[in-house]
Each structure stands twice: as C-alpha cells, then as structure tokens.
Amino acid sequence: MSGPSAPLRPWVWLGIPALMAMAATLVAAIPLRFLGLRLPEPVIPMVLAFAWPIIRPSLLGPFALLLVGLFLDLFWNGPLGFWAFALLSVYSITFLIRNLIAGQAVRVLFACYGGLSLAVFLIAYLRLAIRSDAPPDLVPITINAICTLALFPIAHHLIERFEDADIRFR
Amino acid sequence: MSFRDGPFQDLKVPLALAGAAAAVIALILAVFLFIQDQKASSHAVISSAVRTKFDQTLEPISAGAAAPIRWMSEAAGYVASYIGAVEENQRLKHEVAQVQKLRDQVTALQNLNRRYESMLGLRTEPPLPTVAARVVSDVHGPYSQARLLDVGAEKGVAVGNPVISEHGVIGRIVGTARGVARVLLLTDPESRTPVLVNATNARAILTGDGGGDPRLLYLRGRNPVKEGDVILTSGDGGLYPRGLPVGVAVKDLFGLWRVRLYSDQAPLDFVEVVRYEDFSQLGTSQALEAHQLPPLSPSEQAQLKATLSARSAAPPASLPKPAPTLAKPNAKPPTKGPAVPPAPSPAPSLTPAPAPTP
C-alpha cells in the first residue's frame, strides 16, 4: 500500500532518524580542530526523545530510544543506562503532555524542548558532581546545552514531517 | 462519514496505553541497567564484554569517519608548510643553535647524574617500552573526555597504561580489546592524577572537571605553586611513572589553581602508550644490588691514590669526612661506593625529568 493513506512504517520515522542521530554523534567525535576549536558535541538524540512522542504513540519508540541511549552510554564511556534513562524521561514527560502541546505554536514547543533538555542537563550535572566529588566545570556544560537547544529546528522538522503522515493519528 | 467516525476511531486509545506501557518498561530497563552498573566496580564495568565488543565494533567505523578529515587536514598542513617553508627554515636554524648548547649541557648532566645514582645505589627507572597509536575518536563532551586508539591488547596495551603525546601526558588506558583501546583523558571529570610541582616538589591531585584545564586539588604548604610552574606526574600510588610532563600551573578567574596541559597545544593524532603498570617494573632486587660504579678518569685515579697515601700516613681520626662533598652538585666523588654514606632518601633532584618548553 502506498500513497498518503499508507500507514507510517516504523523504519521511516524511527529507524532512519535513530541511525542518523547515532551517525551524527559519531561524526561530532571526529578528532578535528579548526582554529583551535573542536566540533561541538550536543546530545543529538534529545531531538528524537522530544519529537517521537508528539508524532504518535508507539510501541517501538521507547525501545528504540533505549537502544540509542545505551549507545550514548557506551560511546561516551558513561555508566550504562544513564543516558537511556535521561532520554526516556524526556520521552515519557513529552508523551504525557503531548495532547497539550501538539499543534501549538513553535515557541511553545521550543519552551517545552528547552525546559526538558535543561532538566536533563541539570540531572546529569548533579550525578557527575556527586560521583566525582567535585563540581564539574559549568562552561562546557553550558556550551553543550546551548548546542543541544540549537537542534530544536530538527525536532520541529521531524514533527512537521511525520505528525500528519498517518491519517489514523490526525 | 468522516474518518474519525470510522472503525479506526477506537485505535488511538489502546495504542496510547500500549505506548505508555512500553515507555514504562523501557524506563525500568534503563534504571535496572544503571543500578547494576553502579553496583559493579569500575574495572569490572570497563572490561565488560559489552563495552569491549562495542569499542571493537566502533573502531573501524570511527577510523573510517575520521579518515577524510585527516586527509584534508594533512593536505592543508602540507600546503601551509610549503608556503611558509623559508620562514620556518630560519626559525628552525635558530632553534637548532639553541638546542645544541642545551644538548651538551644535558649530556654532561646525565653523565654526572648516572654516577651519583650508581654511587648511591638509587633505584633508577629504566626506559619503559611504548606502543605508538593513532587516535580514531575524540569524545569531548562535558560528561566524558575520552579517546579511542587503534591499538589494543594484541600489542600489550593494558588497563592503567599511561598515554603520552609528543608534548606530555594525555591520560591513561581504561579499557582494551583486540585492536582498540580507550583512553581516559586528564580532563575527564572522573580522572584523578597524582602530580608534583617541579619547583617546590609539592604534591597535588590533578582533577578533571570536563573543561580544558584540570584543577590542582589538595595542595599543601605555604605558596606551594606559582604561575608558570611546571607540573609533572609524581608517581605516587604507582599510577604513572614519576616525572612525565603534564603542563604549567595557571590561576583561573576564581583564584583556583589549574594546569594548562602541554598535550593541549596541538590536536591529538598520534600518541604513545607507555607500557607501565606499577613499581615492580622498575627493576628486580638483584639488578638493583648489582649496581656498578663508572670507571674513574686518570685525574680521579691520581686523586684517589693521593687520598689513600694520605690516609695511610695520617692517624684514622684525622680522616676527612666525604659526606659534605657529595652534597655539592659539581663536586667529584673522591672514593668508591663503600666510603660514601647512604643517602637518607632518594633526592628528587637527582632524577629530574626534562620539562618541555610550553
């Protein structure tokens, strides 16, 4: 079945974005310096954690996000499960409020995305401070948070692209 | 009839509930994994099969992704060096003239130092084997600072091995597998490195915080460090060999002491893994006991003969005390080993490491 009435295939809205997020994370870790500066390394899968629950409820979405979070944990050499938990928390909260924010103005979506992202960064900061017995430097965390917030247009594009792709969820 | 009035109108609620249930199950799984990971010791976690397999899988992918950038960077470097060749040549000639003078001084000091070490029976550190490696991945987020290297257990790289660049220490190995190793950088928030201030011999712990310049914590004494002091690894605890160059001390805006790392001067491309594990590598007891004095020069032999003849002529009470002469750096050792009193402790100044120019 094809055409506008075809059901949205999970591979299209879950698989490809997840792979692209992981690939982008890999690319951001290339040992490259330009004018003494390294590539920014934002939490790219945050885009998925925010966009997926707004697009539609899914059985596969949370587990795909769990895998992406575990990838981040392994890639960044962090404790296994931390980023999976953080991303799934954003997913769950967005899922709970999706009826309130779906179809709202862009600035409302951005406020939600920003608020949830900052909450995750705060939790990550506190976890690290407790674990390492010393407060981490705020400057790189702020840069990281700003870079992650700057990814909102991608999340918005995903929502715009797939929100109405399946007529059952209009 | 509109679509919402059709047979699919009830589909949304069950799927929403199922989606919520899936999210809860995934969350529980994540929490379970996190708790399990926190329970295990860090070494057990790092060397776990999952991380090992992940790093092994990731290494060729990261190397492939980095290859085009590396080629472009090398090409740009080649062009830049070709354009500035004349200027660079002049600068290098000037540097070579300066370095030649330093080389002669270093050779003389090394010779003197070897003799002192041999006479005192100091436990000197033999050269450690190293393994060259290429950086294939550069994780530099605020929560983790790590590198992936393209060498691993097959080359003898082991967990705990220090990693250095041509400028200084960059970190240590925290995980190895076949063909790949993971380096925890000095800047990682969980990195702790025992260091010393070269000028004052004061000890401190270099503590990463995710930023570029790690902090110096647990400094003791009055004015133990000042701006520009060279920081070296202290070797305390056996994590690193003593004397590896780390960086220079700087004060940040809040008055905290930090270290500007030597290794931060240039992008990390090629590094060396020092196959150092602990103190037991430094030498066996037999090797330490079998130290030999270097041969005496003709003038020293003449001086020795004169001393011995004077001793045989004079009463024993009037023998000169040899100890003070050894304290002077430029004094020649008058007698062989048995006449030298044992040093109370290995003097740090006897085994200095050459500090590179920052």
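Before anything else, a definition: I count two strands as paired if DSSP finds at least two bridges between them. Helices (H or I, at least four residues) and strands (E, at least two) are DSSP runs, numbered from the N terminus.

**Ground rules.** I am working with a predicted model, where local features need pLDDT of at least 70 and side-chain atom pairs count only at pLDDT 80 or more, while totals for chains, interfaces and linings use all residues. Residues are numbered from 1 along each chain as its sequence is written, and chains are lettered from A and ligands numbered from 1 in the order in which they are written.

**Hairpin, chain B.** I started with strand 6 (residues 192-197) and strand 7 (residues 203-207) of chain B, which pair in the antiparallel sense over five bridges. Across this pairing, B:Thr193 stands opposite B:Leu206 in strand 7 of chain B. The two strands make a hairpin, with five residues between them.

I then looked at the turn. B:Asn201 sits there, in the loop between strand 6 and strand 7 of chain B, and its phi is near 65°, a positive value in a residue other than glycine. Is B:Asn201 buried or partly exposed? I find B:Asn201 partly exposed, because 14 other C-beta atoms lie within 10 Å. My cut-offs: 20 or more other C-beta atoms within 10 Å of a residue's own make it buried, 12 or fewer make it exposed, and partly exposed is in between, with C-beta atoms placed from the backbone.

**On to strand 8.** Strand 7 of chain B also pairs antiparallel with strand 8 (residues 215-217) of chain B, through three bridges. Here the bridge partner of B:Leu206 is B:Leu216. In the loop between strand 7 and strand 8 of chain B I noted B:Gly210, which is buried because 27 other C-beta atoms lie within 10 Å. B:Gly210 is 24 residues from B:Leu186 in sequence, with 9.1 Å between their C-alpha atoms.

**Barrel.** Which strands of chain B close into a barrel? I read six, in the order 1-2-5-4-3-12, with antiparallel pairing. The twist averages 40° from one strand to the next; for such angles, axes are lines fitted to C-alpha atoms (for helices over the stretch in contact), and angles run from 0 to 180 degrees between N-to-C directions. I checked one of its pairs: strand 3 (residues 162-164) and strand 12 (residues 270-274) of chain B are joined by two bridges, and B:Val163 has B:Val273 as its bridge partner.

**Chain B overall.** Of its 358 residues, 28% count as buried. Among the contacts in chain B with a separation of 6 or more, 62% join residues 24 or more positions apart; a contact means C-beta atoms, placed from the backbone, within 7 Å.

**Interface.** I found 47 residues of chain B in contact with 47 residues of chain A. On the chain B side, the elements giving two or more residues are helix 1 (12-39), helix 3 (49-83) and strand 1 (130-139). The largest share, 17 residues, comes from helix 1 of chain B.

**Last entry, chain A.** A:Asn77 is not a glycine, yet has a positive phi of about 60°. I located A:Asn77 in the loop between helix 3 (60-75) and helix 4 (82-96) of chain A. A:Asn77 counts as buried, because it has 24 C-beta neighbours inside 10 Å.

Technical notes
Two residues are in contact if their C-beta atoms, placed from the backbone, lie within 7 Å.
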